[in-house]
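Thanks for coming. I will go through one structure today, starting with the ligand and its surroundings. Please look at the screen first.

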Amino acid sequence: MIPFGDLRREYSVLSRELNKVIPNVLKSGWFILGKYVEEFEKAFADYIHKEVYAVGVGSGTEALHLALVASGVQPGDFVITVPNTAVPTVSAISFSGAKPLLVDIHPDTYNMDPIKLRKRVVKEKRRLGGKLKAIIPVHLYGQSADMEPIIEIAKEFELKVIEDACQAHGAEYKGKKVGWFGDYACFSFYPSKNLGAYGDGGMILTKNPEDAQKLKMLRNYGQEKRYVHKIKGFNSRQYIKNPRVIKPIEVPYGKHVFHLYIIRHPQRDRLQSYLKQNSVETAIHYPVPIHLQEAYKDLPYSPGDFPTTEKVSKGILSLPIFPYLRDQEVETVSNLINRFN
Ligand SMILES: *Cc1c(COP(=O)(O)O)cnc(C)c1O
């Protein structure tokens, strides 16, 4: 069986190191915030950029929620994001009392399409005026959204930019790590993310020290924050050579960190069951776009409104990818796919 992910492999490699530090946390008797979180905040901020401040919170969702609150988003306001994302991007908007507005993705990168964004912002600004508050570009699957035009639009129309970098620790845009570009950037340390904790964890980054202070007051104390570093970097070599398979592209202006490895195939469901029969676990990120989710049926959207997202969602398949996936397993998966037609 080739699993989609397996955190036990990681623990078996890192256990000596972890077993040395975890008892220190336990002995300290201090499990919320405290000096380990502070050290981690500093290390993570330094890793992203010299000029950013980090505020640790309970999860990526909470990071997004607090960033929205810090941006001045209030009930009745509107926030723009994409329909091709993890549901928590949109849950966070709902938590803030604002309504999500969706903009379709680019078919090659699967990320927010800046041209469609501009059209939408021009239109909505006229309708909503000051109630249109922020844009949340998502760096999906580990690849940066096209930040330059997005920030230009935000400046022009006085909107805040909150990067959803929950899948993109270490990804780069034009030579700089994501997390530096927006007014705020949000990261998740959910166990299966590129940098995973043993439990939930999240982080907000901002270049503004006063915003960081404000966020420290806003953050709540609901969750444990015993961060544990996971080795970075993925085995992203894939030997797939099947002409019917579309492999992920790496945009020329960015560095992809492959949180997920997404392929597309016109007969995705048949490919998925074929892989399952051959003991390969896969997943779909995400099978149902936000605007077609039961939970968001109150949004004013219908099937067909975001054709790129809808088309992509029917063909995508996430292959196993994690730091301790073995080369042999990558080869097995690739060979199986190459034999499929
Ligand atoms: C995981 C994820 C989140 C939420 O992070 P949690 O830590 O699970 O709350 C938000 N947005 C995206 C794109 C994610 O992948």
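Start with the shell around the ligand: six of its residues are nonpolar, eight polar and two charged. In that scheme, Ala, Val, Leu, Ile, Met, Phe, Trp, Tyr, Cys and Pro are nonpolar, Asp, Glu, Lys and Arg are charged, and the others, Gly among them, are polar. The shell has 16 residues, and Gly60, Thr61, Asp164, Ser188 and Lys193 are the closest. To count as near, a residue needs a heavy atom within 4 Å of the molecule.

A word on where this comes from. This is a predicted model, in which local features need pLDDT of at least 70 and side-chain atom pairs count only at pLDDT 80 or more, while totals for chains, interfaces and linings use all residues. Residues are numbered from 1 along each chain as its sequence is written, and side-chain values use heavy atoms, with hydrogens and water left out.

For Ser188, a side-chain N or O atom is 2.6 Å from an oxygen of the ligand. Gly60 uses its backbone instead, with an N or O atom 2.8 Å from a ligand oxygen. A polar contact here is a pair of N or O atoms within 3.5 Å; within protein, one must be able to donate a hydrogen and the other to accept it, and residues adjacent in sequence count only if both atoms are side-chain atoms.

Two helices, H3 (60-70) and H4 (87-95), each give two or more residues to this shell. H3 gives the most, three residues. Helices (H or I, at least four residues) and strands (E, at least two) are DSSP runs, numbered from the N terminus.

Now two backbone details. Most residues other than glycine have a negative phi, and most peptide bonds are trans. Tyr110 is not a glycine, yet its phi is positive, about 65°. Where is Tyr110 found? Tyr110 is in the loop between strand S3 (99-102) and helix H5 (114-128). The other detail is the peptide bond from His285 to Tyr286, which is cis, with omega near 15°. Tyr286 belongs to the loop between helix H8 (268-277) and helix H9 (307-315).

That is the tour; I will take questions now.
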